[in-house]
Amino acid sequence: MTNEVSQKKGSARRTESSTSGNKNPRVNIFGARAAIYLKEIAAVIFAAGSVVTLLGMLGLTKGMLIDAWVTLLCRWMGWSAYIIPLLFAGVASLLFSQCTGQYKDTPWGCIVALEVALVSLMGLLSFIDGMDLTRAETGSGGGIIGWAIATSLDNLIGIVGAVLLLLIVFLLVGSYVILSWIAPMLPASQDKTTRQEKKLARDTGRLPAKQEPQLQVDRKHEKRERQNLPREYRKAFVVKDKPEEGPSIPLQRDERLPPLNLLECEKSTHISAREINRAAGLIEKTLADFGIPARVIDFRSGPSVTQFAVEPGFVEHEGQDGASHRQKVRISQISSLANDLALALSAPSLRIEAPVPGKAYVGIEVPNKHAALVRLSSIIQSEYFQSINSPLTIALGRDVSGAPIAADLSAMPHMLIAGTTGSGKSVCIASLAACLIINNTPEDLRLVMIDPKMVELIRFNGLPHLYGKVETELERIVGVLRWLTVEMDRRYKQLETAKARDIQAYNKRIRRRRNGECMPRIVVMIDELADLMMMAPDQTEHTLVRLAQMARSVGIHLILATQRPSTDVVTGLIKANFPARISFAVASGVDSRVILDTPGAETLLGKGDMLFLSPEAGAPIRLQGAFVSDLEIERLINYWQKAASKQYDDGIEKPPWEDFLERQAALEKRDSALERAIELVTIKGEASASMLQRGLRIGYPRAARLMDELEEMGVIGRPKKGGRTREVLISRDESQ
């Protein structure tokens, strides 16, 4: 009982003393600040002493005190006195470091070691100088201190033993000092310091200085748990090295076409077997944890994702008769676990293709840690691309198995591209354009590029394949689309005259003639459809739908892109006439349904990861889009500019729709019935006011004004005597 009382009293005294020590914390703060100020003053004194001592030894400064101080050092320390300024500088640096908090304790071990090294050095210098006391008093050798040390050791162990002893001591102690100063700068020592601080924090229950509380996770333990899967979930898939792809037969290219070495080569990358087996085992284990028996039977590795073939198992149920029945696992049960599988695999997103078309398994597509870059040249040189054998063959990319995918634009015949900002739409359009111009001459293919964003397609200006320049003004773009409809009608008339079914048959017949001029194909690329639909929705939709319905036979094809795949931009009429669609990463499943009629695009990774819906396929396939750099495009443009018969510059070639736009602008300022009047008089082959009255159902004053305007425009001739009809000066084709 007495012991318990004494312990309580002792603890009470300790508590009182601890609390009393903290009653006035301001005293401790002032004391700490005073210690810092004293160290700063001492550091300044040592720094100044180092500079003054060095200048005095070099004879650059004089004075009674300085001369006495230098003489004292040289007499007692000899040649080693020149180390004193360095020691003073080191002490000043140490004090400054303590003031800034970099060193919390004074390194007394290093200080003592420096003193021992200095004493050993003075003894060695005295042996070198011959151990003469008279010379030592004048500041030679190791000074008086060095002479005394050398003489004492000589009497004890002889001159040889003394020199060896001093040399060994100097080297050992000097090495210790150097390592002591360098060690804090090494990463290992920093890790050791961090471990010591963490241990101190655990022991005291407090966090180290300048650290905030955070959740500590044992990464090594977590990694070990992931790798050490149960035996029944371990896989032994073997990753075979894919052979370098190349054409089975030498490429037979036209001499006018640019060489393929203008494009960059592709570097092949392979995923390791360890990653494949680990992911496959985690998929099986995660499904089993949720009560779904399944088995990973195969895998396909692509540039950006790896697709695992998961075969659903059977679940046994007890029927009403008491017998056990086997039931196949439903696909919807696996599809609903996409987020859980992504969490288990530490994947940013995960897409489940259930089921894979034509296969008896579910495809789980897991992103690779390092996505590979798909180059355009590798797709063009592939056997699949060459087998299509069409001038409008376009390289799209590689699928989840790494196989090259290409398509024929003339068979599509139009394409719709959608995706959020930065998902890869503009790069896709650039790669499609590069693929077309590398396989077609300007005589066979012409491009019409429309870029309301004014930044992506401008780099194609100056290309001989391009009609005029890239159109960026919204007011002119609607006129360009209307010109395309006029050009489509003109081409149909030429096909009718030549009795040809399509552009291919027409060009085949024209080539047989001497002076026949072939009809080039036209590919229209629009980088942002939403801007056009916002400015003039009715005119834009009507023109695009009419072109999409009829322009295929005359060799006009459309490629549209938009970053806002909403129903007011991609209307039902546009979707119905654009069966080939590409969707990059979109914001939601609703946007994916607008483009592809199915969800899935919201789980894409971006940066070229896309879903391609072919008109011939029932479900979209996942691809990593082909990439073409600005340097490659610049090389192709330079090649065609040098190969062209005339030099193409910005603004040299007048676009064919310029006259049409000027006439449209003039017609807007005139009577609204003027265009119909031009069409009427060119059909009739004659013109008169009464004919315009009957044909346009207008009054005589308006018909007379239209006749005057037609005369000013040069459509009809001057009035004739007797009120006869006027002569029409232009043909029907020229009026369009």
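Let's start at arginine 295, which counts as partly exposed because its relative accessibility is 45%. Here buried means under 20% relative accessible area, exposed means over 50%, and partly exposed is in between, with a 1.4 Å probe and protein chains only. The side chain of arginine 295 meets that of glutamate 311 in a salt bridge, 2.9 Å from N to O. By salt bridge I mean a side-chain nitrogen of Lys or Arg within 4 Å of a carboxyl oxygen of Asp or Glu. This pair links distant parts of the chain: arginine 295 sits in strand β1 (residues 294–301) and glutamate 311 in strand β2 (residues 305–312), 16 residues apart. Glutamate 311 has 27% relative accessibility, so this residue is partly exposed too.

A word on what we're looking at. This is a predicted model, where local features need pLDDT of at least 70, side-chain atom pairs count only at pLDDT 80 or more, and totals for chains, interfaces and linings use all residues. Residues are numbered from 1 along each chain as its sequence is written, and side-chain values use heavy atoms, with hydrogens and water left out.

Now the overall picture. The chain has 27 helices and 17 strands; these are DSSP runs numbered from the N terminus, helices being H or I with at least four residues and strands E with at least two. Of its 736 residues, 43% count as buried. The chain exposes about 41,800 Å², and carbon and sulfur atoms supply 54% of that. Those areas come from the Shrake-Rupley method with a 1.4 Å probe, and for residues only the protein chains shown count as cover.

Back to salt bridges: how many does a search of the whole structure find? The number is 21. One of them joins lysine 235 and glutamate 284, with the closest N and O atoms 2.5 Å apart. Lysine 235 lies in the loop between α9 (219–227) and α10 (273–289) while glutamate 284 is in helix α10, so the pair ties together parts that are 49 residues apart in sequence.

Please find arginine 351 next. Its side chain forms a salt bridge with glutamate 365, at 2.9 Å from N to O. Again the partners come from distant parts of the chain, with arginine 351 in strand β5 (residues 351–353) and glutamate 365 in strand β6 (residues 362–367), 14 residues apart. Arginine 351 is buried, at 9% relative accessibility, and glutamate 365 is buried at 2%. Salt bridges that share partners join Arg351, Glu365, Asp609 and Arg622 into one network.

While we're at β5 and β6, look at the loop between them, where proline 355 lies. A cis peptide bond joins alanine 354 to proline 355, with omega about -15°. There is a cis bond from methionine 412 to proline 413 as well, with omega near -5°. Proline 413 is in the loop between β8 (404–408) and β9 (415–418).

Let's go inside. In soluble globular proteins, nonpolar side chains tend to be buried together. A nonpolar core here is a set of buried Ala, Val, Leu, Ile, Met, Phe, Trp, Tyr and Cys residues joined through side-chain atoms within 4.5 Å. Which residues touch the most other members of the largest core? They are Leu396 and Ile417, in a core of 54 residues. Helix α15 (residues 425–438) gives the most to this core, with 10 residues. Apart from it lies another core of 51 residues, including Ala530, Leu544, Val569 and Leu604.

Finally, some backbone details. Serine 346 has a positive phi near 55°, though this residue is not glycine. Serine 346 lies in the loop between α12 (338–345) and β5, and is partly exposed at 44% relative accessibility. Lysine 499, also not a glycine, has a positive phi of about 55°. You'll find lysine 499 in the loop between α16 (474–498) and α17 (503–510), and this residue is exposed, with a relative accessible area of 68%. Just after α5, glycine 130 takes a positive phi of about 100°.
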